[in-house]
Amino acid sequence: MSSRRSIAETLVLVKGGGDLATGVAHRLHRAGFPVVITEIENPTMVRRTVSFAECLYADEWKVEGITSMPAGGETPGEKAENARAILEAGSVPVMVDPRAEVVTHLRPAVVVDAILAKRNLGTRIDDAEVVVGLGPGFTAGVDCHAVVETSRGHDLGRVILEGAAKPNTGVPGPIGGYTTERLLRAPQAGVFTSIAGIGDVVRAGEAVARVDGGEVTSAIDGVLRGLLRDGIEVSAGFKVGDVDPRAEPAHCYTISDKSRAIGGGALEAIMMFLFGVSAMEYAN
């Protein structure tokens, strides 16, 4: 593929606007790529402070110096036009477009599926010149050109050109020696209401939220790194928050090491396929 291509003219569409997807979009934006994001109507990310999709609730949202803005419209064509205007202003547009129908209007050179649903929800290898899938559910060479490993550990961020990422175990990677203990889950179905806020220090056994009267309590000491937005209806067992045992409040407002590693993998894959260089060569 031609190395004459300009990075500034190489549009990337990222499916998903949660914290890991934002890590990808942020890295690509800083590298000079124009980036647009598609999301569901009411996204349920818990690390809201570092998720570009939060702009769908707050009109605009800034993550480490980069601003995201909602690109509204009644049709995919209107959303595409509004997205172009936001790109011209130097920001990242976020569109409510669960099926990414705007692809046919924007014709991005790259599609990155960062929904992290642990399965492919409809991404195809012919959606763009380069298609990258994050985590399990994708097979390089079948439904995408490259897969980026999302599992914590030695291979985090690795670009896979044949085969798939590690299968989903259902157990999150350890942070500070804790895995499932870090997660906050709804005790029952109902409407979520917070008691504490993101960045607050919490203790084991402390109630941090409620779901229709049922308390959501922390299993460990730490800092509330993520918490669902109030008023969202959840099912029993739904993930509503995340406690960080490292207890550094500043971590709540910056992109995580995991997100940056995955973003680096996505950047490497794009540079390999579109520009014929490695990420190391590009950096130099």
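Guide: Gladly! Let's begin with one word: a residue is called buried when its relative accessible area is under 20%. Keep in mind that this is a predicted model. Now take strand E19, residues 239–244: five of its six residues are buried, and the strand is mostly covered.

Visitor: Why is glycine 241 called buried?

Guide: Glycine 241 is found in strand E19. Its relative accessibility is 0%, and the limit for buried is under 20%, so glycine 241 counts as buried.

Visitor: What does glycine 241 touch?

Guide: Leaving out residues up to four places away in sequence, glycine 241 touches Val46, Arg182, Leu183, Leu184, Gly226 and Leu227. A contact here means heavy atoms within 4.5 Å. For a sense of distance, the C-alpha atoms of glycine 241 and threonine 75 are separated by 33 Å, and these two residues are 166 apart along the chain.

Visitor: Arginine 182 is in that list. Is arginine 182 buried or exposed?

Guide: Arginine 182 lies in the loop between strand E11 (163–164) and E12. Its relative accessible area is 5%; buried means under 20%, so arginine 182 is buried. Beyond its neighbours within four places in sequence, arginine 182 is in contact with several residues, among them Pro172, Ile220, Arg225, Gly241 and Asp242.

Visitor: What makes the pair of tyrosine 178 and arginine 182 a polar contact?

Guide: The backbone oxygen of tyrosine 178 lies 3.3 Å from a polar atom of the arginine 182 side chain. A polar contact needs a pair of N or O atoms within 3.5 Å, with one able to donate a hydrogen and the other to accept it. The 3.3 Å distance is within that limit, so the pair meets the distance condition.

Visitor: How do you know that E12 and E19 pair?

Guide: Pairing takes at least two bridges between the strands. Three bridges join strand E12 (residues 183–185) to E19, so they pair, and they run antiparallel. Leucine 183 stands opposite aspartate 242 in E19.

Visitor: How many bridges join E17 to E19?

Guide: Four bridges join strand E17 (residues 222–227) to E19, again in the antiparallel sense. With at least two needed, E17 and E19 therefore count as paired. Here leucine 227 stands opposite glycine 241.

Visitor: And what makes E14 a partner of E17?

Guide: E14 and E17 are joined antiparallel over two bridges, and at least two are needed. Valine 201 stands opposite valine 223 in E17.

Visitor: Which order do the four strands follow in the sheet?

Guide: The four strands form an open, antiparallel sheet in the order E12-E19-E17-E14. E12 and strand E14 (201–202) stand at the edges, because each has a single partner strand; one side of each is left without a neighbour in the sheet.

Visitor: What lines the largest pocket?

Guide: There are 47 lining residues, and Leu20, Ile115, Leu116, Lys118 and Lys239 lie nearest the centre of the largest pocket. Helix H1 (19–30), strand E2 (35–39), E12 and E19 each give two or more residues to this lining. The largest share, three residues, comes from H1. The space in this pocket is about 1500 Å³.

Visitor: How many of those lining residues are charged?

Guide: The lining of the largest pocket has 15 charged residues, alongside 20 nonpolar and 12 polar ones.

Note on methods:
Residues numbered from 1 in each chain as written. Predicted model: local features only at pLDDT ≥ 70, side-chain atom pairs only at ≥ 80, totals over all residues. Heavy atoms only, no water. Buried < 20%, exposed > 50% of the residue type's maximum accessible area, 1.4 Å probe, protein only. 1 Å grid on protein atoms, 1.4 Å probe; cavity = no way out; pocket = protein on both sides within 12 Å on 5 of 7 lines; lining within 4 Å. Points joined across faces, edges and corners; volume = space filled by probe spheres on them. Nonpolar A, V, L, I, M, F, W, Y, C, P; charged D, E, K, R; others polar.
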